[in-house]
Amino acid sequence: MNKFLLNFKKRFKNLCNNLYNVNDIASLEEYFVDLLESVCGVAFKSFKKKPKGKKRVYTFWCDELRNFRNSTNVLYKKYQGFKRNNSPEDVIQEAGAEYRKSRAQYKRLLLRIKRKAWEDYCGNYTEKFGGIFRMVFNKSNKVNNILVNPDNDQNLSFEDRIKILMKHFFPNNDRNIGDIYTPSVESVEELNYKQIDLVIYNLKKECLRKAKIFLLQKSGKDPKSCDAYRPVCLLPTIGKILERVFQNRFNKYLSLNNIIHRNQNGFREGTGCDRALDNIVNKIRETRSNQHFALISLDIKAVFENMDWSVLFKIFDFYKIPLFYRNFIYYYLLDRKVVFKDETLEIERDCHKSCPRGSVVAGL
């Protein structure tokens with residue numbers, strides 16, 4: 001502790017001088033970031049760290065990335081503060097341009113450091129069948145570790161366990177997609193008939209309808225329960241490119257017709273949970289001085305696995321979505337299958353509900 005105090009005294013005078021320069025919220029938040037980094041740096045320098053042994057772990061995170069990320073976050077909060085306070089338009093635009101420039105630089109730096117760290121890791125690794133081999137050939141977690149057994153059946157085989165999980169994550173439905181919707185032709189702007197035929201032709205290909213699934217076990221949950229596993233769907237690359245083209249066009253239509261609610265932050269470009277949290281915090285600050293405030297959080301369990309296709313097309317009817325977009329979703333969901341495959345076993349199951357995890361259009 002004495003060593004920590006001696007090292008901290010060297011930075012204490014500079015921290016005090018910076019504190020006198022604090023005159024607004026942005027500079028205060030920047031000061032707290034500097035204070036936290038100073039304490040962490042002194043603690044890291046003062047106290048002994050346990051030796052990590054000879055274990056080699058691939059990592060790319062460094063102080064340069066951390067500092068750049070923190071400075072970008074400060075610019076973002078400064079930009080949002082100007083917007084909340086109805087500052088002059090030129091001030092808001094200048095702050096926004098500065099934030100976007102810093103964000104772009106941070107992304108480029110992140111990619112460069114990731115690549116350099118991976119090259120160094122691979123170049124210095126000498127084991128023939130070590131960590132790199134396990135990462136590339138997926139040998140780190142054996143699939144035979146799946147222990148799901150909801151009924152405590154002692155004679156349950158590995159194939160039966162996989163079938164239980166696939167039935168849980170991809171349940172059947174009494175109605176097929178053909179009973180819910182019938183596609184019909186409609187004129188489409190900015191697309192000629194050749195492009196439309198290409199889209200429909202590719203969607204009808206069977207190879208684009210099959211998703212290969214991997215089952216990842218969640219930590220801290222009972223391995224006998226189906227909820228302890230997360231299904232990850234691997235989809236063909238050409239199909240995901242086609243989905244991305246559709247998503248960009250569909251999002252443009254939704255934005256032009258003002259269909260998406262302004263408070264929808266998930267699955268939207270340029271928004272995220274950080275903005276939702278920022279809105280909640282600001283609302284609490286505005287009301288807590290003279291009013292009571294209550295926050296209710298709702299979580300829909302297994303929302304991707306339980307999406308009802310009939311409800312989806314009723315929503316399309318309600319918002320009068322053009323037939324082109326409905327037809328795309330129809331052919332996308334038609335004859336959709338999931339496949340579990342390893343060295344000794346292959347199980348295929350039809351999908352009548354939900355949407356594959358990993359799909360580009362799943363968030364729509």
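The second largest pocket of this predicted model is lined by 32 residues, among which Tyr 76, Lys 77, Lys 78, Gln 80 and Asp 278 lie nearest its centre. A pocket is an open set of points on a 1 Å grid over the protein atoms alone, with protein on both sides within 12 Å along at least five of seven lines, and lining residues have an atom within 4 Å of a point. About 980 Å³ of space lies in this pocket, a volume being the space filled by probe spheres set on the points, which are joined across faces, edges and corners.

Helix 3 (63-84) contributes the most to the lining of the second largest pocket, with 11 residues. Helix 2 (25-46), helix 4 (89-124) and helix 10 (273-287) each supply at least two residues; helices are DSSP runs (H or I, at least four residues) numbered from the N terminus. By class, this lining comprises 9 nonpolar, 9 polar and 14 charged residues. Ala, Val, Leu, Ile, Met, Phe, Trp, Tyr, Cys and Pro count as nonpolar, Asp, Glu, Lys and Arg as charged, and the others, Gly among them, as polar.

The structure also holds 2 cavities of 30 Å³ or more, a cavity being a set of grid points where a 1.4 Å probe fits but cannot get out. Of its 13 lining residues, Leu 208, Gly 239, Glu 243, Tyr 332 and Arg 336 are the closest to its centre. Helix 9 (237-256) and helix 12 (323-333) each provide at least two lining residues, and helix 9 gives the largest share, 4 residues. The lining of the largest cavity has 8 nonpolar, 1 polar and 4 charged residues.

Residues are numbered from 1 along each chain as its sequence is written, and side-chain values use heavy atoms, with hydrogens and water left out. In this predicted model, local features need pLDDT of at least 70 and side-chain atom pairs count only at pLDDT 80 or more, whereas totals for chains, interfaces and linings use all residues.
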